[in-house]
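Dear colleague,

I am handing over the structure we spoke about, and I would be glad if you could look through it alongside the notes in this message.

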Amino acid sequence: MKKLLALSLTVAMAIGMLTGCGSDSAAGQDTGTEAAGTAAKETEATAQEAADGGEEAAGAVDGQTYKIGVIQLVEHAALDAANEGFVAALDDAGVSYEIDQQNAQGDQSTCQTIAEKLVNDGNDLILAIATPAAQAVAGATEDIPILVTAVTDPADAGLVESNEAPGKNVSGTSDLTPVKEQIELLTKLLPDAKKVGILYCSAESNSVLQADMAEAACAEAGLTSEVFTVSSSNEIQQVVESMVGKVDVVYTPTDNTIAAGMATVTMVANDNGLPTICGEEGMVDAGGLATYGIDYYQLGYMAGEQAVDILVNGADIAQMPIGYLSADKCTLATNEETAKILGIDLSVLE
């Protein structure tokens, strides 16, 4: 308003000066008046544009640029998608940010080093992708807000007091998958299967939880099961080879170590006629037979929306419940090439 008033006064003075100057002809006066009128209109238009622009800027998020650190456990399709979804949510909200993307390449000690770096850098918020990454950064600070994603059960992992009311500087989104429905998918595709080999990394607490759920689901479906674990990616080939002849099908949950080494799993399993039912779509893309799982991009996007609420709206992270994707966000994914190799008819799912 002050700018508009000043501009209006300037226009008025310009008009007064033009009309007050001596002129030898009426035509000269008319020309001066016309010029002043044009100048006035142009100036008013410019002032209005400036005012509109000012209102628009005020409507933008908050004019601040936030420092955000990201620690991702390892590179694989699901975690990469969650990361992309998180960033997309910030962009869609119009948040201004500087982001520091860090990847631990599956190494726990590297997670610790990265976590300490992100805390020492004074980030306004940290995103931790996958349980070991989340545990590392949660152990490094109790002050900086930490959002987690691709963590199956934050409470079970010791990250929050409860998933409904975290009570700490940690919240985020869970990738709890529909394990029961995945076992039901297994029985539809492989009606003659009797024994299921449950494959996961024993170092990942989220996988232990899902493995327990899978054992219960197998028992409910009338199947027997046996657990096969690895402690690192170096053991994957040997362990999968040990499953051949002992089980009819492999089930692996959303385990980060197995997901990152899925090409090795399917190389051995498919060559030996052993189907693999997976925890998420990226594992199917890497050679698994099928899954009924969640969309990790949407999971990360939900975490990004939480970040906006914390940074821009001042939401209390300690009171922010863990988010879950609804059942309608789960999708069926199959690998036709793998099905052909194994001689499995996917049309039974139609």
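This is a predicted model: local features need pLDDT of at least 70, side-chain atom pairs count only at pLDDT 80 or more; totals for chains, interfaces and linings use all residues.

Within H7, the buried residues are Asn206, Ser207, Gln210, Ala211, Ala214, Ala217 and Cys218. Viewed down the axis of H7, these buried residues fall within an arc of 130°, so they line one face of the helix, whereas Ala219 and Glu220 are exposed on the other side. The partners against which the buried residues of H7 pack include helix H5 (131-138), helix H6 (179-189), strand S6 (195-201) and strand S7 (224-230). After H7 comes glycine 222, which has a positive phi, near 80°.

Turning to the helix pair, helix H3 (residues 77-93) packs with helix H12 (residues 296-311) at an angle of about 40°, and their axes are 6 Å apart. Since angles under 35 degrees count as roughly parallel and those from 65 to 115 as roughly perpendicular, H3 and H12 are therefore oblique to each other, and the crossing of H3 past H12 is right-handed. Among the residues of H3 that take part in the contact are Ala78, Phe86 and Leu90, while those on the H12 side include Tyr297, Tyr301 and Val308.

Finally, threonine 113 lies in helix H4 (residues 108-120), and with 54% relative accessibility it counts as exposed. Threonine 113 is 27 residues from alanine 140 in sequence, and their C-alpha atoms are 9.8 Å apart in space.

Definitions and conventions. Residues are numbered from 1 along each chain as its sequence is written. Side-chain values use heavy atoms; hydrogens and water are left out. Buried means under 20% relative accessible area, exposed over 50%, partly exposed in between (1.4 Å probe, protein chains only). Helices (H or I, at least four residues) and strands (E, at least two) are DSSP runs, numbered from the N terminus. The arc is that of the directions from the helix axis to the C-beta atoms. Contact means heavy atoms within 4.5 Å. Axes are lines fitted to C-alpha atoms, for helices over the stretch in contact, and angles run from 0 to 180 degrees between N-to-C directions. Angles under 35 degrees count as roughly parallel, over 145 as roughly antiparallel, 65 to 115 as roughly perpendicular and the rest as oblique. A crossing is left-handed if the near helix is turned anticlockwise from the far one by less than a right angle, and right-handed if clockwise.
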